[in-house]
Amino acid sequence: SSGINAEYGDREFILSPNNIQEVRVKFEPLETGVRDYQVNVVDTNNRVLLERWLVHTTADLPVVSRTYDLPLSRSLVPTTKQISFVNPYTTERVFKLKTNRPELLSFRDNLLSVPSKQSVNIGLVLSPLAMSNFNYIMVFVNDVQQKCEECFAVRIT
């Protein structure tokens with residue numbers, strides 16, 4: 001499911017009268033579509049609702065740069081596979097891996113340090129549930145600021 005996180009999360013912060021307080025919101029969708037989230041600001045001493053905001057979001061799938069067809073045999077244990085990724089930059093970069101289906105796919109390593117213009121293998125660990133009726137599992141290769149650099153589709157065959 002998609003998530004929205006306030007920078008303060010469950011932490012408390014102090015509001016001063018007649019001042020503006022900035023609250024950063026980070027939206028990390030794992031599925032496409034339109035969703036609304038309610039953000040509440042509560043006075044924790046008096047348990048009074050101070051503000052309520054409706055955050056309207058729209059998430060579209062990034063451009064899929066490559067689709068991998070991975071044959072899986074029916075098994076009760078996780079299956080490992082590999083797909084390749086090339087760092088397109090002229091400097092070494094660190095990338096963070098994410099998926100839209102973490103219950104079906106995990107990574108051998110969530111972080112990749114990839115030399116300039118080099119190719120590395122991304123180790124995938126597929127749950128036995130991946131054989132169920134799921135056509136595509138998305139793999140997001142993000143930079144360290146969590147911006148999507150590349151998106152792969154993994155099709156289970």
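## Basis of the model

Buried means under 20% relative accessible area, exposed means over 50%, and partly exposed lies in between, with a 1.4 Å probe and protein chains only. Arginine 155, with a relative accessible area of 30%, is partly exposed by that rule.

This is a predicted model, in which local features need pLDDT of at least 70, side-chain atom pairs count only at pLDDT 80 or more, and totals for chains, interfaces and linings use all residues. Residues are numbered from 1 along each chain as its sequence is written, and side-chain values use heavy atoms, with hydrogens and water left out.

## Overall fold

The protein chain has 12 strands and zero helices. Both are DSSP runs numbered from the N terminus: helices are H or I of at least four residues, strands are E of at least two. Along the sequence the pattern reads β-β-β-β-β-β-β-β-β-β-β-β.

Of the 157 residues in the protein chain, 27% are buried. A contact means heavy atoms within 4.5 Å. Among contacts with a separation of 6 or more, 55% join residues 24 or more positions apart.

## Salt bridges

A salt bridge here is a side-chain nitrogen of Lys or Arg within 4 Å of a carboxyl oxygen of Asp or Glu. The whole structure holds two. In one of them, aspartate 69 meets arginine 155, at 2.5 Å from N to O. Aspartate 69 sits in strand β5 (residues 66-70) and arginine 155 in strand β12 (residues 148-156), so the pair ties together parts that are 86 residues apart in sequence. Aspartate 69 is partly exposed, at 44% relative accessibility.

Arginine 101 pairs with glutamate 103, and their closest N and O atoms are 2.3 Å apart. Arginine 101 is partly exposed at 21% relative accessibility. Glutamate 103 is also partly exposed, at 41%.

## Cavity and pocket

Both kinds of space are found on a 1 Å grid over the protein atoms alone. A cavity is a set of points where a 1.4 Å probe fits but cannot get out. A pocket is an open set with protein on both sides within 12 Å along at least five of seven lines. Lining residues have an atom within 4 Å of a point. Grid points are joined across faces, edges and corners, and a volume is the space filled by probe spheres set on the points.

One cavity of 30 Å³ or more is found. The largest cavity has a volume of about 30 Å³. Its lining has 10 residues, and Ser73, Ser75, Thr79, Ser127 and Pro128 lie nearest the centre. By class, the lining has five nonpolar, four polar and one charged residues. Ala, Val, Leu, Ile, Met, Phe, Trp, Tyr, Cys and Pro count as nonpolar; Asp, Glu, Lys and Arg count as charged; the others, Gly among them, count as polar.

The second largest pocket holds about 410 Å³ of space. It is lined by 20 residues, with Glu28, Pro29, Leu30, Pro62 and Phe140 nearest its centre. Strands β2 (25-28) and β11 (136-142) are the elements that give two or more residues to this lining. Nine residues of the lining are nonpolar, five are polar and six are charged.

## Individual strand residues

Aspartate 43 belongs to strand β3 (residues 33-43). Its relative accessible area is 23%, which is partly exposed. Leaving out residues up to four places away in sequence, aspartate 43 touches Val48 and Leu50. Leucine 15 is 28 residues away from aspartate 43 in sequence, and the C-alpha atoms are 9.3 Å apart.

Glycine 123 lies in strand β10. Glycine 123 is buried, at 7% relative accessible area. Beyond neighbours within four places in sequence, glycine 123 contacts Lys81, Gln82, Ser106, Phe107 and Arg108.

## Positive phi in loops

Most residues other than glycine have a negative phi. Lysine 117 has a positive phi, near 60°. Lysine 117 lies in the loop between β9 (111-114) and β10 (119-126).

Glutamine 146 is not a glycine, yet its phi is positive at about 70°. The loop between β11 and β12 holds glutamine 146. Glutamine 146 is partly exposed, with a relative accessible area of 21%.
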